[in-house]
Amino acid sequence: MEDADRREVVVVVYAGVVLLDLAGPVQVLDGAGGYRVRLASLDGRPVRSDTGVVLDVDCALSDVDDRLDTVVVPGPLPGLLEGFPPALLAQIARLGGAARRVASVCTGAFLLAEAGLLAGRQATTHWSMCAELAARFPGVAVRPDAIYVRDDQVVTSAGVTAGIDLALALVEEDQGADAARTAARQLVVFLRRPGGQSQFSVRSDVPAPHTPALRAVLDAVVAEPAADHTLSGMATRAMVSERHLTRLFQRELGITPGQYVSRARVEAARNLLESCDVGVETVARRCGFGSSETMRRVFLQILGTTPTAYRQRFAYP
């Protein structure tokens, strides 16, 4: 494929950038094909990553013109979230405003926010930094339970390896579900990570649906697990009959609508139990279970443990 036929992607790098934040998405995009990926630093000089690995770059940020598809901003370590050079933020703002879309990985969301690209938008970041992001930027609606969040042309992802999930979503958007699945298989990406502590997306844990109406239903359930996701409510949203929606779930996903909703709500509850200390009853209400007893029954059915036991084992100290 000629360079002229590839989507132009620029990855913003700087001293202290987390190596895996950029390596994961770059590997996905390179493996999928169809992208021309370039690394750009503020002055066009190599930079040292958080691991000490020196990254060669293709150009200076000021040399990147407006004919750009995607800007990717990986994050720094949490201790380096202060004092970004104004010139770096200005270039991120310029390129983010010109590109078709802009994406951040992990704490890269802080750079997007500093550059003014997250004002009035929904976003996410590493679960341990969500509270700080919300406190420092009140105009950003932070979603701590999400692997990645898309708000118009801006996409943000959760911590570190969630950049792979984000990049696979971009590939699916650009090239279709089959290309994204192929890229995931090549990388041997596990849909459920060992130990259960890391965030994962229930949306990526089922086959990609072919029917747009079904896809919209799945996205709505994950986006708002506490909303009305009865069979009748989902059928109304999809503008199909309840019987037809049930057939779509069985034919394309191999599960029932109720099973999908339960799994999505368990995912949301897991993330809250891991990342904050609100009461179990509050978690149940926020995630759509209605009561802690209902949540307890569903947890036992799906995870084989109770919410309280799950928190004791996996919550960050």
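**View 1. A right-handed β-α-β unit is formed by E6, helix H2 and E7.** The model shown here and in the other views is predicted. Helix H2 covers residues 86-98, strand E6 covers residues 70-73, and strand E7 covers residues 101-104. E6 and E7 run parallel and are joined by four bridges. Within this pairing, Val-72 stands opposite Ala-103 in E7.

**View 2. Strand E6 also pairs with strand E1, in the parallel sense.** E1 consists of residues 7-12, and three bridges connect E1 and E6. Val-9 stands opposite Thr-70 in E6. The residues of E6 point two ways: Thr-70 and Val-72 to one side, Val-71 and Val-73 to the other. Thr-70, Val-71, Val-72 and Val-73 are all buried.

**View 3. Gly-83 lies in the loop between E6 and H2.** Gly-83 counts as exposed because its relative accessibility is 72%, and the cut-off for exposed is over 50%. Ile-164 is 81 residues away from Gly-83 in sequence. In space, the C-alpha atoms of Gly-83 and Ile-164 are 27 Å apart.

**View 4. The largest nonpolar core has 55 residues.** The members that touch the most other members are Val-12, Val-13, Val-71, Ile-92, Leu-112 and Leu-118. Helix H3, residues 108-114, contributes the most to this core, with five residues. A second core is separate and has 15 residues, among them Val-217, Leu-248, Leu-253 and Ile-255. In soluble globular proteins, nonpolar side chains tend to be buried together.

**View 5. Ile-92 is shown with its contacts beyond four places in sequence.** Ile-92, Val-12 and Leu-112 are among the residues of the largest nonpolar core that touch the most other members.

**View 6. Helix H8 packs against helix H9 at an angle of about 90°.** H8 is made of residues 231-238 and H9 of residues 242-252, and their axes are 9 Å apart. The angle makes H8 roughly perpendicular to H9, because angles from 65 to 115 degrees count as such. On the H8 side, the residues that meet H9 are Leu-231, Ser-232, Met-234, Ala-235 and Ala-238. On the H9 side, these residues meet Glu-242, Leu-245 and Thr-246.

Definitions and conventions
Residues are numbered from 1 along each chain as its sequence is written. This is a predicted model: local features need pLDDT of at least 70, side-chain atom pairs count only at pLDDT 80 or more; totals for chains, interfaces and linings use all residues. Side-chain values use heavy atoms; hydrogens and water are left out. A nonpolar core is a set of buried Ala, Val, Leu, Ile, Met, Phe, Trp, Tyr and Cys residues joined through side-chain atoms within 4.5 Å. Buried means under 20% relative accessible area, exposed over 50%, partly exposed in between (1.4 Å probe, protein chains only). Helices (H or I, at least four residues) and strands (E, at least two) are DSSP runs, numbered from the N terminus. Contact means heavy atoms within 4.5 Å. Two strands pair if DSSP finds at least two bridges between them. A crossover is right-handed if, with the strands pointing away from the viewer, the path from the first strand over the helix to the second runs clockwise. Axes are lines fitted to C-alpha atoms, for helices over the stretch in contact, and angles run from 0 to 180 degrees between N-to-C directions. Angles under 35 degrees count as roughly parallel, over 145 as roughly antiparallel, 65 to 115 as roughly perpendicular and the rest as oblique.
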